[in-house]
Each structure stands twice: as structure tokens, then as C-alpha cells.
Amino acid sequence: MSSSPDKNSIFDPSKPKKKRHWSWSDPDRVDPHEALKHVMLKMRLHSLSNSGSTTPHSESEPDSDSFSPNPVSTAPDFTAMLSDELLLNVFNRIPDAKQLFSNSLVCKRWCVLCGKLIPSIKLLDWEFLESGRLSYRFPNLVDINIVPASIMFERNSGILLSTKSLEVYLNSGVLETEGSFVRKEDILDSEAIDKGVRILAEGCRNLRRIALMNVSEEGLNCLAEECELLQEMELHYCGDFALRGITKCQNLQILKLIGRLSGVYDSVVSDIGMTILAQGCRRLLKLELVGCEGSYDGIKAIGMCCQMLEELTFCSHRMEGGWLSALSYCGNLKILRLESFIEDCWGMDNNVFAAATVFRAIRSLSLEGCSLLTTEGLESVVLSWKELDRLKVISCNNVRDSEITPELATLFSLLKELKWRPDSRSLLAASLAGTGIGQKGMATGGAAPQRGTAAAAAANLRRRRTAGGGAAGGASGTMLQFYTDDAPGLKISPNVVLVMSIGFIAFVAILHVMGKLYFVRKE
């Protein structure tokens, strides 16, 4: 039988063999769902072709790659055959977030893909934002802080200023100047800030939280128009009229407004700014005012317009007298924090704090640095709040352990959370575990109270009251706590308890009668 010349040529040893070229990038040959398997197969084929044999490599044979001047450049990049979606899925499953930074240094493609998985950053270089590289590198940002980049400082500065609200590097010459650490000329002007905010808003439309500094009304307007999902904002060094741009942020729920940061920078936010803020942000749930000036009118406007406000914080406030009474307009307020680092606490004495008795719905109170407030003034207010379950008292020097009354000690035992550290000499803070205070919530550890201290006296009095040996009023107050919503275990009404008791008595009586009749018949 004759065979064709083509078939005979295949077995002709004189002719060189034709190499078969694989094309995995051909969409007709490769299934996208099996791209990873194809890459592994390609890598195995490449290793076999380099060795020329399937036998293991001998240690005595020289390694051909060791003589190559640039062995890395000759090796093909098999990860280029993987789709972006598959690589993103792999990077997203890496548990260590810091590993994304190392992966971004491999190549440009990995750098872009890893940037899509980073949701939050703190900007240190303003040129990185103005050039548009930030939105290209991190297109899926939801949280960004551009305050450190808004302050001009030396590249290699080793001076770090860290406060509760700000963390920024400073120039070496700032220590020789008097006044604030951050001067006006060190902060970028409003036009440059607005330009950067516009670039950021157009590139990252999914922002939900942002921290800004020295932004004007124009920048806030652009941010509100482009980022409709924005819910939380932090504003530094902003004036009253700049807040007019925040009125277009319809979904804003959390706002932190910093007017003056003691020793760092100084700006003015007065009743005008608070009124503009209140009329534009009616859906606020949480508001924090730091270093703001104002009076009764500004707080009243916030209470009347922001009906959904639940948490309000005043830190280093510079309010005029009577401002606390305006909080009565905040009908839905549940958490109140008063934090001050000023010696006279701007008039926060017992008479001013007494106006807070009208806030019946307060559930959490935090006092820090209120040096003029005494134990008597604190007690008169917190005892009137029937729904209070969390209390925090820190650095209030006139609040002393020796002035704790039995009523206040009983209130402490019913709280879910108590943080009591009015001064460094307070003995109650170190002995709450022995008194049972904070037993229902977050307990504070410590040793048992020493004899003769105010903490021990309060503990003994509490034990006597809860034991039922006290007065009728104390016993009734102690028994009622078993029927509150915070009591653990099964909750039943007093009527059910009465019916069950009567039923138990009747059952015992019936058993007694049946026993008598049984013995009579037996005799």
C-alpha cells in the first residue's frame, strides 16, 4: 500500500522536527474559567523545555540560568494571562492588608489592581492629589483624610504633632515661634484646597467620609454635587460662611466641626455658622463641636432644626452663659458629652449644669475636664435622669469620693457602664470591683476597698440597702429593680407572681386535706 509523501515526511529522520507553538491567549482555545489551570500547565511546559528532559536535574550539572546575565528578563510573565477580575479575587483574599502594599510594587498592573482594594487613606502629599494620580490609583475610596496634606511642612521633618483631633508633621522652625504651632501661612489657601477637592470629588464619587481643612463654600458645593453618598464629614479651620456649602449634603449624618484647636490653630465658628449648619443639615444624627464660639441662639437653632440628633459633643467649648439650657430643644438627644481642657471650664459650674435636669431622655453622660462642677451639682442632675445607664467622669477635680451620697452610690450599682476617675487621688476608681458597681455592664477591675475610705463606706451602705434591712423606701427601691428591663433572667409581671403564689398555697392545702382523709380511712 502506498502512502502519501506528507505522511512519510513525518517519519523522515533527515528532516528537522517542527515545533508546535501553543497559543493560550487565543480566545477560541482557552476557557476564561480555566485560566489558572492553563497558567500552571504553561509554567510546567516551560520548565520541561528548559531542562530538555523529564529526568531530575543533577547537582553535578551546571545551571544554565546561573550564567545568564539577566535571567529575570528572559522569563515570561505568566500572570499576564490571568484576567483582572481573577487577580482582584486573589488579592482580596489576602488576610494581611499590608501585603497589598508589597504586591503593588511588583508591576504597574498590580499597582493599579491593588489600589482598587484600598478603601481608606491619609493623604500626605498635595501634589499627588492635584496631578490626578490619587483618583487613578485609588478609584474605590470611601474614606480619605486630606488634612495633613493641607499643611505645608518639610519633607524630612521629624516633628510629629499629635492631638485628639489632628496629627501632622511640623517644620523645625515652628518651635521658635510664639502662639500656634500651625500658622496661617503654613496652611494652603482656599483656592488650592477647592481645586483639589474638585479633582477628588470627580475621581472618587463613592466617598462616604472625608476630613477637610480651610475649604470654602465652592469646594463644599462641588463635593456635595459629585459625592451623593457622603455621610460623615470632619471640617478643620473653616469660617461661618463656608458652612453654606454643606447645606447641599442631603445624606450627611455625622459632622465634626473644629473651629479652634488650642495651641495648634485658631478660627471662629459662631452662632451664625451654627444656624447655617442647622438649617442645611436636618438629618444629622451625631454632631461634635470643638472650640466653637456661640450662645443660646446657636444651640437652639440646632435643636429645633435637627430633630433626629441623638448624640452631641462639646469639646473645649467657648460658649456664653445659658447655652446649656438650649439643649432642651433637642428632644431626641440620648448621648451628651462635655469635654473641656480649659481651667475654668468656661463657667460650667453647678448652676449652669443644673439646667440639664430637663433632659429626661439622656442615656449616656460623659464629663471631662469640668473643674468647677462638684459632686453635689453632678448628683442633682444624674438622679433626675431615669434612663441614664452610662456615666463617665474624668479629670473633674471638685468631684470627690468623700461626698458620694447613698443615693448616688445606689445609682452607680444600677449603671451598665461606669468610668469614674475624677482625679488622680480618687480611691473609688481603683475599688469598683469590690463594691459591685458596674456589675451589669462593663466592670472595672481593682482590689477591694480599704477600710475607712469613702469607697468602703459606699459599699457597706449599698450592701445594707440591698439586704433588705434598711428603711421601707430603700427596700421598695431595691425590690423594684427586679422588674426593670435591665434585670437578667425571665421577666414576669407582679400579677403572674401573685397568681402563682396563691396557686402554690392552694396546692399545699389540698395535699394537707387529702393526707388527713387518708389517715382517717386507714384507722
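How many bridges join strand β15 to strand β16? Keep that in mind as we go through these close-ups of a predicted model.

**View 1. Strands β15 and β16 side by side in the parallel sense.** Strand β15 covers residues 364–368 and strand β16 covers residues 390–394. The two are joined by 5 bridges, which settles the opening question. To find your place in this pair, look for Ser364, which stands opposite Arg390 in β16.

**View 2. An open sheet built from 11 strands.** Reading across the sheet, the order is β1-β2-β5-β6-β7-β10-β12-β14-β15-β16-β17, and the pairing is parallel. At the edges sit β1 (120–122) and β17 (417–421), each of which pairs on one side only. Going from one strand to the next, the twist averages 5°.

**View 3. Strand β10 with its partners β7 and β12.** Here we step into the sheet at β10, residues 286–290, a strand that is mostly covered, with 4 of its 5 residues buried. Strand β7 (residues 254–258) runs parallel to β10 and is joined to it by 5 bridges. Strand β12 (residues 311–315) also pairs with β10 in the parallel sense, over 5 bridges. Leu289 is a handy landmark: this residue of β10 is the bridge partner of Leu257, and Leu289 also stands opposite Phe314 in β12.

**View 4. Asn214, a residue with positive phi in a loop.** Asn214 is not a glycine, yet its phi is positive, at about 55°. The loop that holds Asn214 lies between β5 (209–213) and α10 (217–226). Is Asn214 buried or exposed? Its relative accessible area is 13%, so Asn214 is buried.

**View 5. Ser395, another non-glycine residue with positive phi.** For Ser395, phi is near 55°. This serine lies in the loop that connects β16 to α15 (406–414). With a relative accessible area of 38%, Ser395 is partly exposed.

**View 6. Leu134 in the largest nonpolar core.** This core has 89 residues, and the members that touch the most others are Leu134, Met233 and Leu235. Which residues does Leu134 contact, leaving aside its neighbours within four places in sequence? They are Ile121, Leu123, Phe128, Leu129, Leu141, Ile144, Leu200 and Cys204.

**View 7. Residues 496–519, a stretch that is 100% helix.** In an unreviewed entry, UniProt lists residues 496–519 under "transmembrane region". In the model, this stretch has 0% strand, and its end C-alpha atoms are 35 Å apart.

Notes
Residues numbered from 1 in each chain as written. Predicted model: local features only at pLDDT ≥ 70, side-chain atom pairs only at ≥ 80, totals over all residues. Heavy atoms only, no water. UniProt positions renumbered as here; feature names shortened; annotations may be inferred. Pairing = 2+ DSSP bridges. Axes fitted to C-alpha atoms, helices over the stretch in contact; angles between N-to-C directions. Buried < 20%, exposed > 50% of the residue type's maximum accessible area, 1.4 Å probe, protein only. Core = buried A, V, L, I, M, F, W, Y, C linked by side-chain atoms within 4.5 Å. Contact = heavy atoms within 4.5 Å.
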